[in-house]
Structures are given as structure tokens and as C-alpha cells.
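Please look over the sequence and the model shown here before reading on.

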Amino acid sequence: MSDVKKEPVEKVKYKPQLCPGRTLIAENRRRYLNSDYKLKKIRSLSDEEITKLLGFRAFGEAYKSIHPPLAEIGEPDCPIRKVVEPTPGAKAGDAIKFIQFTDSIYYAPIMSSIRGRMYHMRYRGCDVGALSGRTPLEMRERDLEGIVKELLETEIFDPAVNAVRAITVHGHSLRLDENGVMFDAKRRTLYSPKDNCIYYIKNQWGKVLDTPINFGQKASEEDLKKRTAAYRNDNVRFEEDEAEYLKVIFNMYENRVKGGWGKDLPPQ
């Protein structure tokens, strides 16, 4: 046996490559996707307001369950269960509920493609859908309520160009109205010119609330241009970050084609 002592291996925390680019847009994307970055809080909403906006239960009502608490089930021994800590909602057996966002193409702080990636980077126990104009997020109900609070209270949500819409989502890609607010066929929000604030007068399903929810003042276009994660020709052009983006995208597609279909490709 050798007497040479092995040097201890230094454990380095994995640092994900969140997004390439040097522009403000790329920087915004990296901040929103980075789970170590704490999103800046810009408004306060009560737990009761969150519950009413979601529209699944009355405030104070017990959570509906789909199975008994895990502690009562007597689950079989499994190494994965020892590694993965269940979320509070999973422990309690909560039913799955959802919230759905739509984001305007006019300088919304975040949009569906980045939302989907952000949810997976920041939250556990979530099921995400990223469509062209809407982003549903499904979770155990009590877990969902805690996350929704962050999604609505922080810098990634502006009540004029981001919206909560469980149904009848259409209108995100239309031009903004004279007050700079997205079209909504269900008219869930009301803009007040007196205080420049936007109020939710209906929940995400379009049912009238007994008390409006004040989401505060809408941001100016200049502020939104600084916060947005979307490239636009009239703000920050994609071409400014194009080189590294295209290199990564082309590499992904080439590996996908060659890895999926084999390297002996037919002649073009």
C-alpha cells in the first residue's frame, strides 16, 4: 500500500449556464432564472387576496385532498423517497390546482418561454406548460399559494402587461389600450386614472370579487423596457446577442439530428 496521502477533493457547487449574452435582456434573463437571486418585491398582497384570485376555495376553508397524508399511508420503502423531501402539499395529500399567466409582447417583464424555465429552476413539485400565449402552472394547492405570492408581488409581474387568466386568455398579442393595459374579454381588471392603479375586480375565472384587489400602479414603458426579458427591434435587438445564442442553438439542433437519426445522413 502506498503511503502517499490523497488530497481532499474540493466540492464545487454546480453553476448552471443560465443564458448567454451581454445585453440588458440577457442579464434580466439570468437574474430571473437564477434561483439564488431573490426577486425584488414591489407590492404586497394578503393571503386572503391570493386565495380569492385563484378561486378554488373560500379563505379559511380546508384544502381539498386527493389522498391521505403521507405519514398515514405507510408508503413502501424506497431509496428515492429517502432522497427527495416531499413538499408540504404532497405531505398533506392536497389536490392539484393551477394558475395561468399571459404576458403581453409589449415589454412584459417575463414571457412564456422564460416563465417555464424559471418555474423549473426555482420551484419544486411543479408541472409547467409553456404555450405561445399562456403558461399554466400546476402544483399541490398549498404549495401553489405560496409560490403565487412571489409571482404576483415581485418585479416579474406588472398588472398592465402581465395577467392572471384561467380561461379566455386571448388578447395578449393585441395592441395595448389607451391606458397601456392588455385586452381581456372577461374584463378581470379595472384601471383607475385617479391613482394610476390597476384593480382585479374578478378572479382568474372571471367571477366577480366581493372586494377589488389593488395591484398598485402600472409601470411606465421606460421602466418596462429595463425590466423585460424579451428582445425587440424597438428596444434591445436580438442581433446584439446573436452570435453566442445561434452557436448554442445550432449545436443543439445538430446533436439532436445526428443523435436521433444517426450520422449517416442522406445527401442534401
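Predicted model: local features only at pLDDT ≥ 70, side-chain atom pairs only at ≥ 80, totals over all residues.

Residues are numbered from 1 along each chain as its sequence is written, and side-chain values use heavy atoms, with hydrogens and water left out. Helices (H or I, at least four residues) and strands (E, at least two) are DSSP runs, numbered from the N terminus.

An open sheet is formed by 3 strands in the order β5-β6-β7, with antiparallel pairing; two strands pair if DSSP finds at least two bridges between them. Because β5 (189–192) and β7 (208–217) stand at the edges with a single partner strand each, one side of each is left without a neighbour in the sheet. On average, neighbouring strands of this sheet are turned by 25 degrees against each other, direction ignored. The axes are lines fitted to C-alpha atoms, for helices over the stretch in contact, and angles run from 0 to 180 degrees between N-to-C directions. Strand β6 (residues 197–202) is joined to β7 by 4 bridges, and Tyr200 has Ile213 in β7 as its bridge partner.

Helix α7 covers residues 141–153. Its 13 residues should span 18 Å at 1.5 Å a residue, and its end C-alpha atoms are 18 Å apart, which agrees; the expected span is 1.5 Å times one less than the number of residues. Among the buried residues of α7 are Leu144, Ile147, Val148, Leu151 and Leu152, and also Glu141 and Asp143. Here buried means under 20% relative accessible area, exposed over 50%, and partly exposed in between (1.4 Å probe, protein chains only).

On a 1 Å grid over the protein atoms alone, a cavity is a set of points where a 1.4 Å probe fits but cannot get out, and a pocket is an open set with protein on both sides within 12 Å along at least five of seven lines; lining residues have an atom within 4 Å of a point. Grid points are joined across faces, edges and corners, and a volume is the space filled by probe spheres set on the points.

The largest pocket holds about 620 Å³ of space. Of the 21 residues that line this pocket, Pro16, Gln17, Leu18, Cys19 and Arg117 lie nearest its centre. At least two lining residues come from each of α1 (24–33), α6 (112–122) and α9 (242–261), and α9 gives the largest share, 5 residues.

The second largest pocket holds about 230 Å³. It is lined by 13 residues, and nearest its centre lie Asp177, Val181, Met182, Asp184 and Thr189.

Two backbone angles remain. Most residues other than glycine have a negative phi. Tyr107, in the loop between β1 (96–103) and α6, has a positive phi near 65 degrees, and counts as buried at 6% relative accessibility. Asn196, in the loop between β5 and β6, has a positive phi near 60 degrees and is partly exposed, with a relative accessible area of 24%.
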